[in-house]
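The following questions and answers concern the structure shown below.

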Amino acid sequence: MVQAQWFHEDGDGSTMVGPARARLALPSSVRSPAHQVNRRAFLRGLAVASSGLALGGGLTACASGQTSPTGAGEPRRGGRLRAVVSGASSSDDTLHPFVAGSWGAGIVMKNLFDKLCAYDDDLTVTNRLAESIEPNSDGSRWTIRLRDGVEWHDGKPLSADDLMYSIRYLLDPKSSFTGAKDLAMVDAEGLRKVDRRTVAVPMRQPIADLPSLLAGWYVYVIQDGTTAFDNDHPPVGTGPFRFGRWSPGDRVRLTRNDSYWESGRPYLDELEIIFITKPDTRLNALLGGDADVAHELAWAQAAAQERAGRVQVVTSPVGRMQSFNMMVDRKPFSDPDVREALKLAVDRQEIVDTVYSGYAEVGNDLYGLGAPLYHDDLPQRGYDPDKAKSLLRKAGQEGLTVTLHTSDVSPGMLEAATLYAEQARRAGIAIKLDKSPADSYWSQVWAKKPFAQGGWGNYALDWFYGQTMLSTSDRNETGWRRPDWDKRFFAARATMDPGLRERRYADLQQELWQDGGHIIHSFMQWIDGAQHKVGGVRGAPPASDGWGSYRDVWIGGA
Amino acid sequence: MTCHAHPLLTACGRRLLAAAGVTGAATVLVFAGTELLPGDAAEVILSRSAGGAGGTPEQIAALRAELGLDRPWALRYVDWLAGTVDGDLGRSLVSGRPVTDIVGQRLGNTLLLAGLAAALLVPVAIGLGVWSGLQQGRFADRVTSAVAIGLQSLPEFVAATGLIAVFALGLRLLPPVSLIPDGTSPLARPETLVLPVASLLTVMAGQSVRMVRARTGEVVRAEYVRMARLHGIPERRLVWRYVIPNAVTPALQLLAGSVSWLIGGVVVVEQVFAYPGISHELVAAVASRDVPVVQALAATMAACGILVYTAADLLAIVLVPKLRTSGH
C-alpha cells in the first residue's frame, strides 16, 4: 500500500483514549506457537465467514471478536451508495491507476479496474482477470492466460495486447511509476503474445510466486494504448463500475457495469466515493445519514460505536504495520546490542491497548503478520527493560540518548512515539522526540534520519522485501544492505518447492528478527462503519481484494 | 488625486491604491515563504511516485527543469505576476489542472460561508454590544459578558463539535456534515450551511460583542451624552443619534479584523464539516509545495482581507465626516 501510508494520512485520526489495560511485561516466550496457529486459523475462518456474509449471512465477524447484526437481508439490486473515504489531498487528484497511491484513490481504482489476481482475505492470492498464471519448471518464464469473455467498459474484448501494453507501460522507465518496483524482475521487452488471450512473460530473475506481486497495489490491467485518465479521457476499465463523473479532490461517481464478467455483480446501480479528510467528520457523515459507508474510523470512535450500535462496525484482521526504524549502518544503531536493547525497551501491548484502543495486534519486528510465509515460530519479543539495560552496559552505552523522529503524519504515530519514549526510560534509555511537520515527513525525514517511524500496508513478504530490504531498494528505511541476504532472498524467491521455500524464508526472517533495524511494534486494524441496511461490507485487510471493493455490496430493504 | 475631486472620492481612491499595493506585497511574501519551506514540488512528487526517498538526484533535477523550478524565484514570481495580470493563474505543479479550475467554485463556496457569517456577525455584535453596554453592570449585561468571554475562548473545532453533538447527532435537526450534491452550490442544500455559520458566529461573536459593549460604555459615560440627556433628548433618539455612531465607528476596524480573521476560522470549520471550500485545496497545496495553487489562494485571501479593512475604513469615513478632512 505503498502510498497509502505516505501522504494522505489525516494526522488527527487518533485521540489517545481507551482502556489502559494492565500492562503485560511477560517473558518473551509467552506467546506459544500454538497460539499463533490459532490466530492464523482464525484469519482463515474469518475469510470463510466473510464470504458467507456475501451470500447473505446475517453477521459480520470482527477481529476483535464482536459481531454486529445487519438488517440488510438478502443481496438485492439497485440503489445508490455513498461511501466516504479518507483523502481530499492532492494525491487523490488523479484517475491514473498507476499513480493513485492514497487509500481513497485506491478505492476508486479497484472499482473501475481489475487486476490479474488479488489478495484474498487471508492474504493468499486468487485469480481475477487471469484464468491461470503458470510458471515453467524453474520460474524463469511465466504464462498468463486471460479469462474468456471479459469486456472493457466500451465493449471491446480484453485481449493479450491489453495485458502486454499494461505491463510495458507500468515498467516504462521514463514514467517511473512506483508499481514498476513490484515487477522489476519482469523482462518487459521479452513479452510474447502466444494467442489472443495468452502472454508469455520472461523473467530477468527467476521467481516462484509471481502472482503475489501481480496482486500489488498498482498492478492494474488497462486498455491497450491508453495514456491519459481524466474527465476528458474517462478511464475505461473492466471493473464492476463504469466511470461517471469526477470532481477532483471531492468525489467520484461510478455507475453499474451491466456487462461485468462476474455474473450477478455488482448489485448497486450507482456508487459515489466522497473524500473526507477527518475521521470524526467521516463518522458524523455516517451517523447523520449523509453516508452509507465510512472508511477508516479512528480506533477510540470504533469502540464507542460498537457499544452504541447505531451503525455496523467492521474491523479487518490485520491492517497496517507500524514501526520504529533504526538504520543499521549508522551509529549507535550499528551495534547489534544497542538494536536489541531498543527492541526490548518497547512495551508493545501497552501501545496496542492505549494508542489503538485494542484494535491492533502486537508485532514481533517482522513484516507480514498473517501473510503466507510469515515466520510464526519465532519467540515473541517482550518488554524487558532490565535485559535492555544490561545489553547497553555490555555495549558500553549506559545512559544511551537517541533522537526519534516523529510526526503526526499518520494516526497514532506521534502517540506511539511518546509512549515508547516513556517506556524506554525504565531501561535507562533517553529517547528524545523530534517532531517534523507532516507535509515534509516522508520526503525529508523518513528513510533519511537514523531513527524514525514508518508504516506499511501488510501483505506479501516478496513485495515488502523488494521495496525496502534489498541493497538496491531506494526505500531502504533501515539501511539494511547485506549482499549475502539479497542473494539468499533471490534464491528463496526462486525456490519452486513450497516446503524448501518456506524454510528459506524462515531463515531470512530469522536474520531480520535477530539483527534487523525494524522495531515493528503493532499491526493496527482497519475499521469501517456502515449503515445497518448495507450488506456485504466485510472486514478485509487493506490491499486485499475485498477491501474497498463494492462489487459484493448491496443496499437492503431495512 | 486632484484637489478638485470630492474629498470622499480622494480618500476612497487613496485607500484602494494602498490596498492594491498591500495585496502585491502579500503575494511576494507568500512566494518567498513557500521558497523557505523544506523541499519543493519536485521532491514531493517523487517521494510519492518514483520509488520513495525523493527519487535519485538526477530524477529530481530533471523534474525540476520540467516544472521550471530550476529558475530563480524572483524570475518565476515575475512570470506568475505577468500571467495573473493576463488572467492566467497557471497550472498545478502536482496534478497539472488549471489553477482557475481548482480555485473557482470552491472559493465561491468559502466566500459564501465567510460572507454569511460576517453578515450575521455585524448586526449581532452591534445589537448585543450596544444593548449590553447601555445597561453596564446590570444582571443582563453580566450574563452577556460572561457568555461572551466563554465563547471567545473556545477553539473553532470545539464549538463546531459541540454544535454537531447537540443539533445534528442529538436533536437530529441539521446535517452534521456539509456534503452538497456534485456540481451544485451549498445554496442547493441551505441546511448544510447552518451549523458551519453558527460555529463561526459562536466563536467570533464573543469578542466582537465585548468590543462594542466596551465602546458603548465609554460613550454613555461621555460628557456630551450626559449633556444631551440633561437637555431632555429622548432616550431612543439619544441612542440612535449619539451613542451608536460614536460607539460603532471605532469598533468598525476591530470588527473588520474579526471578519478577516474569519478566513482562518473558515479553514478549521470547513475541515470539521467537510464543507466544499478552499481549505482542503490550500492545505493540500501547501503540503505538496504546489506554489501556483498556494499563491492563487493566498493572494485571493489577502485581497479579501484587505478589501474588508478598506471597506471598514470607507464606512468610517462616511459615518464620521471629520475623518474626510483629517490628514490634509
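A salt bridge is counted here when a side-chain nitrogen of Lys or Arg lies within 4 Å of a carboxyl oxygen of Asp or Glu. The model discussed is a predicted one.

Q: How much area do chain A and chain B bury between them?
A: The contact involves 42 residues of chain A and 38 residues of chain B. Carbon and sulfur atoms account for 49% of the buried area. Across this interface, six residue pairs are in polar contact, with both residues at pLDDT 80 or more. The area buried between the two chains is about 3,200 Å².

Q: Which element gives the most residues to the side of chain A that touches chain B?
A: Six residue pairs are in polar contact across the interface of chain A and chain B. On the side of chain A, the elements that give two or more residues are β10 (241–247), β11 (251–256), β12 (270–275), α5 (279–287) and α11 (438–445). The one that gives the most, with five residues, is α11(A).

Q: How many charged residues does the side of chain A that touches chain B have?
A: Elements giving two or more residues to this side include β10 and α5 of chain A. By class, the side has 13 nonpolar and 15 polar residues, and the number of charged residues is 14.

Q: Which residue pairs with Arg253(A) in a salt bridge?
A: Over all chains, the whole structure has 48 salt bridges. In the pair that includes Arg253(A), the N to O distance is 3.7 Å. The pair links distant parts of the chain, 19 residues apart, with Arg253(A) in strand β11 and its partner in strand β12 of chain A. That partner is Glu272(A).

Q: How far apart are the end C-alpha atoms of helix α5 of chain B?
A: Helix α5 of chain B covers residues 99–134, and α5(B) bends by about 30° at Arg106(B). Because its 36 residues should span 52 Å at 1.5 Å a residue, the end-to-end distance can be checked against that value, and it agrees. The end C-alpha atoms are 50 Å apart.

Q: On which residue is the kink in α10(B) centred?
A: Helix α10 (residues 235–273) of chain B has 39 residues, and a straight helix would reach 57 Å at 1.5 Å a residue. The end C-alpha atoms are only 45 Å apart. There is a kink of about 45° in α10(B), and the residue on which the kink is centred is Leu252(B).

Q: What is omega of the cis peptide bond from Lys331(A) to Pro332(A)?
A: Pro332(A) lies in the loop between β15 (320–326) and α7 (336–344) of chain A. Another cis bond runs from Arg265(A) to Pro266(A), with omega near -10°. For the bond from Lys331(A) to Pro332(A), omega is near -5°.

Definitions and conventions
Residues are numbered from 1 along each chain as its sequence is written. Chains are lettered from A and ligands numbered from 1 in the order in which they are written. This is a predicted model: local features need pLDDT of at least 70, side-chain atom pairs count only at pLDDT 80 or more; totals for chains, interfaces and linings use all residues. Side-chain values use heavy atoms; hydrogens and water are left out. Contact means heavy atoms within 4.5 Å. Buried area is the accessible area (1.4 Å probe) that two parts lose on being put together, summed over both. A polar contact is a pair of N or O atoms within 3.5 Å; within protein, one must be able to donate a hydrogen and the other to accept it, and residues adjacent in sequence count only if both atoms are side-chain atoms. Helices (H or I, at least four residues) and strands (E, at least two) are DSSP runs, numbered from the N terminus. Ala, Val, Leu, Ile, Met, Phe, Trp, Tyr, Cys and Pro count as nonpolar, Asp, Glu, Lys and Arg as charged, and the others, Gly among them, as polar. The expected span of a helix is 1.5 Å times one less than its number of residues. The bend at a residue is the angle between axes fitted to the seven residues ending there and the seven starting there.
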